[in-house]
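Subject: Structure for you to look at

Hello,

Here is the structure for your files, with notes below it. Please read them with the model open.

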Amino acid sequence: MPGAWFETIFDERYPELFGPLEGNAEKEVEDILRLLAVRPRSVVEDLGCGRGRHAIPLARKGHRVTGVDLSEKMLGIARARARKEGVSVEWVREDMRVFRRPGAFDLCLSLFTSFGFFRDEENQVVLGNVGASLKEGGWLLLDLRNAGKGLSRLESWDQTLEVPSGKLRMAIRFNPRTRRATAKHVLTRQDGIRISSTFDVRLYSDRELEAMLRNAGMRVRNFFGSLSGDPFTGDSDRMVVVSVKE
Ligand SMILES: C[S@@+](CC[C@H](N)C(=O)[O-])C[C@H]1O[C@@H](n2cnc3c(N)ncnc32)[C@H](O)[C@@H]1O
């Protein structure tokens, strides 16, 4: 029996299929540290840490970082890189619907759309786990697609990019009934071989997130349109939600 989509697509194909859309993680880490004025030697959770793109630079800067991810493949890549670069990160293979470490973290990061994969009740459980795992006054930063942009205009798009390994076609469809987006990525490599995967995520509005975060013991302090702190507008591609545990 094949598992849920999020149990299967984060494997060795992921860097080719999604890597071309990734920003510069080292710069993103600088931006986040500045945006939140993160204290030296903070205890940081990177939830859905993937290949450690952010966890490793954060640890290199002296923060104590725990990277949590369900995918052994992604964690394998992260571990190998951290070892090679001589950086120490705690890697935990766990489901974000389960992982909780009460009162442990100064900061939790959920980056590059690593939230919204499940049913509403389960997405709320993830926030509950984060709320419980933060110290009082600790921060959560969620970096998400801007739901308002897609849902209000029922935006769907289909685009093909030339990428180093071939041609990458990305087709995104928003379903206004389920308020979920599916993104199908198909890479046709130079040698003609095709690989593909489909991402399926619930896009929450700012109002919905405010309510869910409140239920999880957190209060929204700010919405930004990017990790570098651009103002959040209906046209922003990203919705960066910064909240604090009360
Ligand atoms: C879109 S990727 C982003 C990875 C990373 N934050 C980055 O910016 O490169 C989402 C990550 O969430 C992880 N993930 C998916 N389902 C998960 C779950 N149930 N529990 C924990 N991690 C999960 C995937 O394995 C993947 O590494």
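How many bridges join strand β1 to strand β4? Three do, between residues 43-47 (β1) and residues 105-110 (β4), and the two strands run parallel. D46 has L109 as its bridge partner in β4. Strands are DSSP runs of E with at least two residues, helices are runs of H or I with at least four, and both are numbered from the N terminus.

This is a predicted model: local features need pLDDT of at least 70, side-chain atom pairs count only at pLDDT 80 or more, and totals for chains, interfaces and linings use all residues. Residues are numbered from 1 along each chain as its sequence is written.

The sheet is open, with seven strands in the order β3-β2-β1-β4-β5-β11-β10 and mixed pairing; strands pair if DSSP finds at least two bridges between them. At its edges are β3 (90-93) and β10 (218-224), each pairing on one side only.

The domain assignment, which is automatic or from a database, gives domain 1 (5-146 + 204-245) and domain 2 (156-200). Their centres, taken over C-alpha atoms, are 23 Å apart. Seven residues from domain 1 and eleven residues from domain 2 make the contact (C-beta atoms, placed from the backbone, within 7 Å). On the domain 1 side, helix α2 (residues 14-18) gives the most, with three residues.

Around the ligand there are 19 residues, of which F10, G48, G50, S71 and F112 come nearest; a residue counts as near if its C-beta atom, placed from the backbone, lies within 6 Å.

Regards

Technical notes
Two residues are in contact if their C-beta atoms, placed from the backbone, lie within 7 Å.
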